[in-house]
Structure formats: C-alpha cells, structure tokens
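Student: I have a model open and would like to go through parts of it with you. Could you take me through it slowly?

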Amino acid sequence: MKPKNQRLVLVAGAVAALFAAVLLAMWGLRNQVSYFYTPADIAAGKAHDGEAMRLGGMVAQGSIRHLPDGVTIRFILTDGKSQTPVVFRGIAPDLFREGSGAVAEGRLQQGTFVADTILAKHDERYMPPELGNLSAEHKAGKTLER
Amino acid sequence: MIAEAGLAALWLASGLAALQFLLMIAALRRGADVAGAMRSIAVVQGALTLVAFAMLLIVFARSDMSVALVFENSSAVKPFIYKIAGAWGNHEGSMLMWVTILAVAGGFLAVLGRRTSEHTLLAALGAQAVLALGFYAFLLFASNPFARLFPAPPDGQGLNPLLQDPGLAFHPPTLYLGYVGLSVAFSLAVGALLTGEVDSRLARAMRPWVLGAWILLTLGITAGSYWAYYELGWGGYWFWDPVENASLMPWLAATALLHSINVLAARGALKAWTMMLAVIAFSMSMVGTFLVRSGILTSVHAFAIDPERGTFLLALLGIYVAAAFALFALRGASLKEGAPFELVSRETGLVINNLILSVVLGIVFVGTLYPLFVEAVSGEKLSVGAPYFNAVAGPLALVLAVLVGVGPLIAWRRERRPVFKQLTIPALLGVTGLAITIILWPQMHILPRLGIMIAAYLAGASILPLTGRNPLRAPLATWGMVVAHFGIAVALFGMASNAAFTSERLAIAKPGDVLSVGPWLVALADVTPGAGKNWTAVEAELRATRGDDIVTLHPETRYFSDPPTETSESAIRTFWNGQLYTVIGKEDQSGAWQLRLWWKPFVTLIWAGGALIALGGALALVGRLWRIAWRRRSPETEWRRERYA
C-alpha cells in the first residue's frame with residue numbers, strides 16, 4: 001500500500017470500528033437494560049412480566065415469611081402508596097430486615113416479583129443508591145451498594 | 001505539626017509544578033537552556049509529595065484523631081496494618097496517593113528519560129507538571145487530607161469492614177500505579193506532539209512505561225477480581241460493576257497501546273494512532289478515577305457524595321482530555337506516515353487487534369456511562385449489567401482470542417508464506433475440544449462451548465512463535481508475548497469451565513446433616529461463636545469428603561462494631577481441579593443454618609491466567625530494559641535486535 005492509501009484505510013477502519021461499537025452498544029442497551037421501578041410504578045402497570053428490572057422499597061413490617069425449605073423467603077416491598085409481593089431464594093443480605101430499605105433485582109411473574117438478588121441497606125451510613133429518595137431518615141451522606 | 005508539615009510539602013510541590021510548567025514554555029518558545037533545572041525540579045517535586053504521603057501514613061499509624069480524615073476512617077482498636085491501609089482507603093488519602101505516584105513518576109521520567117530528544121522530554125515534563133498541578137489544586141482546595149478537627153475526638157468512626165482485608169489493602173496502590181504510569185505515556189505523547197518528534201525513538205522511550213503500567217493494571221484487575229470472589233461471598237469473579245469497569249477501561253486502552261507501540265518502535269508506522277491511544281489510555285485512567293472518586297457511582301468503592309468534588313474532577317478531566325485532543329487535532333494530521341506495509345502483514349494484524357480492543361472499550365464505556373447519562377438527562381433510573389456486557393463484548397473477545405493465535409505468526413511489512421499451515425495442530429486441538437464438549441455435555445451453552453474450543457486452540461497456537469527455532473535463543477520479549485498469550489487461553493478455559501460446570505447447592509442444615517454438591521459430600525459438624533480484635537463471629541465447621549479427600553472448612557459471619565456491619569467470610573478450599581466454596585447464612589427458628597455451597601471446576605485458572613498475562617508483560621519489560629542496557633554498550637548492532645522485536 002502507498003502511505004497515502006494506508007492512512008485512508010486506517011482512518012476508514014477507525015471510523016468503522018467506532019460505528020460498530022456504537023451500533024453494538026445501542027443494540028445491547030435496547031435489549032439488556034434493566035429499569036428501576038417502585039411498587040407504585042408496578043401498580044400503575046409500567047412494568048411488564050418477564051422484563052429484567054430492579055424494584056426498590058421498604059420491607060413492610062411483619063411481611064417476611066420463611067418457606068419450609070429454609071432458603072426461600074416471601075416479603076412485601078412498599079413505597080407507602082403501593083405494595084408488591086416478592087419471593088427470593090438465597091441468603092438474604094446481612095442487614096435485610098423489616099422496616100428497612102431494599103432493592104431487589106429480578107423479574108415480575110403474574111404480580112409477584114421473583115428476585116435473583118437482594119441489595120439491602122448496609123448499615124447506618126451506607127445504603128443502595130436508589131433508596132436515597134425513598135427514605136427520609138437517610139442523609140445523602142455515604143452510600144454503599146449491596 | 002505532622003499534618004501541617006504534610007500540607008506545607010503539598011503547597012511547595014504545587015509551586016514547583018507551576019514553575020516546571022513555566023520553564024517548559026520558556027524552553028519551547030525561546031529555546032532557553034533549562035534542562036538541568038527542570039530535571040531537578042521534577043525530582044524535588046516527587047520527593048515533596050512522598051514527604052506529604054509519609055506524613056499522612058504517620059498520622060494514621062499514630063491514630064491522631066485530631067486529623068479529620070483519621071477520625072472518619074480509622075479507630076484506635078483496629079489492627080495496625082489496616083490503620084496504615086486506612087490512609088488510602090478513603091477519598092482524600094487515595095487522591096494524595098494518586099498525586100504522589102504522578103509526581104514521583106514525573107521525577108523518574110526526568111532522571112531516566114534520556115532516550116527521546118531533549119526537547120520532547122522537556123515538553124513531556126511540562127505536560128506532567130500541568131497534570132500534577134490540577135490534582136494538587138484538587139487536593140488543596142477540595143479534598144484536603146490534612147484538615148484538623150477541634151477539639152480532637154477520643155476515637156474514630158472506623159473503616160468499612162469490607163475493606164479490612166489484606167488483599168484490598170494493597171489493591172488500590174497497585175491499580176493506581178498502573179493508572180498513573182499511563183500518565184507518563186500521555187505526557188510523552190503530548191510532548192512529542194508539541195515538538196513534532198513522533199518516531200520510533202519516542203515509542204521505545206514510552207514502551208517500558210506502558211508495559212510497567214499495563215503489568216500493574218493486569219495484576220490489580222486480577223487481584224480485585226479474586227477479592228470480589230472470596231470477600232463478597234456470591235461465587236462470582238466479575239460483576240461488571242462500574243468500579244470494575246473503571247479499571248478495565250484503562251486496561252483495554254493500554255493493551256491496544258502496548259500493541260500499536262510495537263509497530264511504531266519497529267516500523268515507524270501508526271504514528272497518529274499510537275499518540276491517540278496514549279492520550280485515550282490515560283484519559284480512561286482519569287475517567288476511572290472520576291467515576292470512583294466523584295461519588296457519582298454508588299458501589300463498594302465509591303464513598304463520598306460531594307457535588308463540589310465531582311464537578312472539580314469532571315472539570316479537570318474535561319480540560320486535560322479536551323486540550324490533549326485539540327493538540328492532537330492540530331498536530332496529528334501533519335505527522336508523516338511511516339513505513340508502508342501490505343495488507344497481509346504483522347502491522348495489519350496489530351491494527352485489527354487495536355480496532356477490536358477499541359470497539360470493546362467503546363462498548364464498556366457506553367455501558368458504564370449510559371445509566372449516568374440517562375439519569376442526568378431524564379431522571380430515569382436504570383442499570384446496565386452483566387447480560388449487556390456478556391452479550392455484546394463476549395463474542396468480540398472470543399474473535400480476538402482466535403486472532404491472537406494468528407497475529408504473531410505473520411511477518412512485518414508483508415507476508416508471502418502460507419501462515420495458516422502452521423495452525424493445523426492448534427486447529428485440531430480446538431476441534432477436539434469442541435467434539436469432546438458435544439459428546440460429553442450436549443446441553444452446554446454456546447459461549448462456554450466456544451470458550452473451551454478457542455482456549456484449546458489458543459493454548460497450542462500461542463506457543464508457535466517459539467517453535468521452528470531454538471527457544472532458548474528467542475528474545476525475552478518473544479517469550480513474554482508467548483506467556484501472555486498462553487495466559488489468555490488459560491484464563492479463557494477457567495471462565496468457560498466455571499460457566500459450564502459449576503454446581504451450586506443452597507439449603508438449610510442442622511449440625512450432623514450432610515449436603516451434596518458436585519462430587520462432594522459436605523457435613524455440617526458444628527456452629528460455634530468466635531471473636532477477633534474488632535469483631536465477633538459465628539463460625540461453622542464443615543467436613544467435606546470426595547473419595548479419599550477429606551477437608552474441613554470454616555465459613556463465618558462476622559459482626560463488626562464500628563461502624564456496625566456484618567460481613568460474610570466464605571471458606572474456600574483449592575484443589576488441582578477446582579475450588580470448593582462455602583458460605584454460611586442465617587439460623588432459622590428450628591436451629592438449622594442456611595448453607596450455600598459451590599463446586600467450581602478449574603475456576604482458579606481464571607486468576608492463574610491473569611497472573612500469566614502479567615508475567616508475560618514482566619518478561620517483556622525485563623527483556624526490553626536488558627536490551628537498553630546492552631545497547632548502551634554496543635550501539636552498532638542495534639538494527640539486528642530491533643528486527644526481531
């Protein structure tokens with residue numbers, strides 16, 4: 001290749017790579033992004049069954065039920081307006097308890113949220129970012145996810 | 001007094017950085033002879049930041065609670081090593097460490113940088129001073145690590161227990177050395193663009209810095225992945241967390257730079273492209289620092305939400321990146337292209353390597369920043385997680401892994417030999433791997449299946465550059481390349497095996513119960529309380545048996561008092577063919593405990609591969625430095641060795 005053509009080919013390659021990256025990223029984002037909802041959003045029908053999403057709220061008082069297998073729990077997340085039942089199989093995080101905030105990652109199935117992961121308010125100072133707006137007690141001081 | 005001495009050292013260092021920048025302008029504009037002065041200033045500046053950092057270590061070691069930073073991040077009862085590590089386990093301290101490494105790297109550049117022209121070196125030192133100046137300003141005006149509290153409180157608030165771990169204590173320094181090592185490549189690129197001397201001499205001067213930074217980034221990412229694996233207790237090794245991506249992005253750019261710089265060093269081609277990558281690599285380091293340190297993300301590592309700091313960092317990032325790209329736009333086009341090469345050549349192979357790495361970098365960059373962008377624009381909250389990155393970047397990474405086996409076989413400039421013939425045996429290895437997975441595990445997912453196939457192929461293909469000649473006479477840099485490429489195959493096999501063959505068991509057990517996971521039978525023998533210096537714990541005793549193997553594991557849940565937190569300490573046992581990974585959960589009303597058990601065949605190869613990749617880099621670095629020392633003695637044979645580089 002002549003040096004001049006060579007530069008042209010290189011620039012074309014770089015531009016093509018840039019386009020490829022953007023197109024691939026857009027394609028991936030359209031299919032794979034998960035949105036954050038509150039129980040009120042779900043009551044309003046904003047979320048669809050089977051779509052990957054995060055659900056945030058406070059764990060309702062008296063709502064945690066342990067199923068007989070010992071590792072599945074059912075509980076209710078609330079934002080004060082609406083309530084969503086959640087089922088989770090796994091070891092709940094250390095500070096997951098009634099009356100404090102939690103974010104569940106998973107999918108809706110016929111009105112119940114099936115969680116793959118639960119992120120809980122970690123201690124007095126740290127909490128999942130989305131809960132910042134939900135709890136009045138929380139000062140936007142320091143946060144820690146999961 | 002100690003804190004004040006540290007602060008004074010920082011002010012002095014920033015004054016010297018300003019002076020260094022002014023001298024650079026004088027040198028470039030008027031041709032003033034300031035080389036000696038600039039070198040000394042750069043060295044003294046580095047020494048002063050070291051003094052400031054030492055002062056910070058001293059106030060942390062002494063638990064001087066009158067320093068606000070110590071009060072917020074330490075406590076008198078903490079083990080000594082975490083008191084020291086606490087110095088950089090927080091925002092201000094880690095930024096001070098960042099600046100210290102930046103200034104010390106500048107000092108080393110001043111002393112060691114004799115391979116470029118004097119002019120380019122001075123311009124690079126000036127650029128390095130400007131970088132340091134911005135971060136000094138950030139420390140002094142927005143993140144003073146030496147601020148005092150009056151009156152001094154009796155005890156501090158403690159360090160996040162998740163961070164009280166030996167692995168994590170030394171993880172940030174490793175990553176920072178890597179991040180900031182790239183600043184020298186950035187400064188050299190800016191310097192060379194200013195003087196117009198972009199040539200193979202510059203590439204050879206830049207290469208050891210890039211290699212060194214890249215080795216440390218590789219080690220830091222590998223160690224960080226292992227830390228997340230055993231400390232978080234979720235059994236995963238990579239979560240595509242933004243903080244992880246913050247370290248992956250500079251690594252991807254540095255990997256591309258490492259390859260293109262060889263083209264510039266050996267053939268004098270890809271000038272503009274290499275300069276661009278040097279600018280991008282350090283920009284990604286700054287993006288990473290911004291993401292982690294501005295508090296814009298909320299993750300294990302990102303603590304302070306402080307809009308002032310975030311804006312300051314963003315402004316610094318914007319100014320430096322914009323200035324570097326403006327300079328590139330002004331000067332890049334006037335660079336003469338170097339030696340021509342044909343379509344089938346090592347150069348083309350490396351260009352393809354660079355393009356794929358850049359696309360992967362773009363994908364990770366978009367995926368990491370998109371949620372922030374959407375939230376800033378529309379207020380809508382969303383997250384981009386593993387499904388996106390795996391689906392979009394995964395196949396590209398596999399394609400790249402296939403090409404890694406081909407590239408090193410192709411000659412520089414033009415290739416007329418039938419290269420593919422050499423790949424017969426590796427291709428057979430790959431096909432055999434594929435056939436075995438199809439016969440034994442017909443249900444396996446497509447990505448792990450391809451991963452095993454490509455790992456088998458690449459394990460063979462990566463060592464081909466050493467065949468056909470006496471491997472002991474091959475240059476150390478070639479050995480380094482072979483080891484690093486072989487490491488990719490090893491890590492890929494570990495990832496594929498982990499994805500395909502992991503068995504998981506989640507159940508409750510009372511003492512005496514037995515659970516099975518993979519080939520193991522795990523009995524819960526007992527659950528007992530325990531205690532450490534600043535925590536209490538519940539500790540399970542598990543007896544695992546597999547044939548004649550009998551091992552005992554002790555997973556724990558620890559309760560820390562300051563700040564009040566629980567952490568789960570997994571117990572992991574390593575065997576030649578995998579790891580048994582155990583976690584204890586909570587007790588239910590009947591006295592049964594939740595247990596989570598994994599058997600992960602060959603998972604350790606993931607980190608062994610990472611270590612091999614870093615080792616390959618280290619071999620190449622030693623080889624290059626050795627050659628520099630050698631060349632000083634016998635310059636006349638330089639061309640012969642460079643031909644084999």
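Student: Where in chain B is the place of B:W240?

Tutor: B:W240 lies in the loop between helix 9 (200–232) and helix 10 of chain B, where helices (H or I, at least four residues) and strands (E, at least two) are DSSP runs numbered from the N terminus. Before going on, please note that this is a predicted model, in which local features need pLDDT of at least 70 and side-chain atom pairs count only at pLDDT 80 or more, while totals for chains, interfaces and linings use all residues. Residues are numbered from 1 along each chain as its sequence is written, and chains are lettered from A and ligands numbered from 1 in the order in which they are written.

Student: OK, and what phi does B:W240 have?

Tutor: B:W240 has a positive phi of about 55°, although it is not a glycine. As background, most residues other than glycine have a negative phi.

Student: Is B:W240 buried or exposed?

Tutor: B:W240 counts as buried, because it has 20 C-beta neighbours inside 10 Å. The cut-offs are 20 or more other C-beta atoms within 10 Å for buried, 12 or fewer for exposed, and partly exposed in between, with C-beta atoms placed from the backbone.

Student: What about B:R413, where is its place?

Tutor: B:R413 sits in the loop between helix 14 (386–406) and helix 15 (424–440) of chain B. B:R413 is not a glycine either, yet has a positive phi of about 70°, and with 15 C-beta neighbours inside 10 Å it counts as partly exposed.

Student: Back to helix 10 of chain B: how do helix 10 and helix 11 pack?

Tutor: Helix 10 and helix 11 (residues 271–293) of chain B pack at an angle of about 165°, with their axes 8 Å apart; axes are lines fitted to C-alpha atoms, for helices over the stretch in contact, and angles run from 0 to 180 degrees between N-to-C directions. That makes helix 10 of chain B roughly antiparallel to helix 11 of chain B, given that angles over 145 degrees count as roughly antiparallel, under 35 as roughly parallel, 65 to 115 as roughly perpendicular and the rest as oblique. By class, the contact of these two helices has 20 nonpolar, 5 polar and 1 charged residues, where Ala, Val, Leu, Ile, Met, Phe, Trp, Tyr, Cys and Pro count as nonpolar, Asp, Glu, Lys and Arg as charged, and the others, Gly among them, as polar.

Student: And at what angle do helix 8 and helix 10 of chain B cross?

Tutor: The axes of helix 8 (residues 171–195) and helix 10 (residues 242–267) of chain B cross at roughly 45° and come within 11 Å, and the two helices are therefore oblique to each other. The contact is made by B:L175, B:Y179, B:L182 and B:A185 of helix 8 of chain B and by B:S247, B:P250, B:A254 and B:L257 of helix 10 of chain B; two residues are in contact if their C-beta atoms, placed from the backbone, lie within 7 Å. This contact has 7 nonpolar, 1 polar and no charged residues.

Student: How does helix 5 of chain B cross helix 8 of chain B?

Tutor: Helix 5 (residues 91–112) and helix 8 of chain B cross at roughly 45°, with axes that come within 9 Å. The residues of their contact divide into 12 nonpolar, 3 polar and no charged.

Student: Changing topic, in what order do the strands of the open sheet in chain B run?

Tutor: The 4 strands of this open sheet are in the order 2-11-10-9 in chain B, with antiparallel pairing, and two strands pair if DSSP finds at least two bridges between them. Strand 2 (503–509) and strand 9 (571–575) of chain B stand at the edges, each with a single partner strand, so one side of each is left without a neighbour in the sheet. The twist averages 15° from one strand to the next.

Student: How many bridges join strand 10 to strand 11 in chain B?

Tutor: Strand 10 and strand 11 of chain B are joined by 8 bridges, and B:G578 stands opposite B:P601 in strand 11 of chain B. Strand 2 of chain B is joined to strand 11 (residues 593–601) of chain B by 7 bridges, whereas strand 9 and strand 10 of chain B pair over 5 bridges.

Student: Why is strand 10 of chain B called largely enclosed?

Tutor: In strand 10 (residues 578–587) of chain B, 8 of the 10 residues are buried, so the strand is largely enclosed by the rest of the structure.
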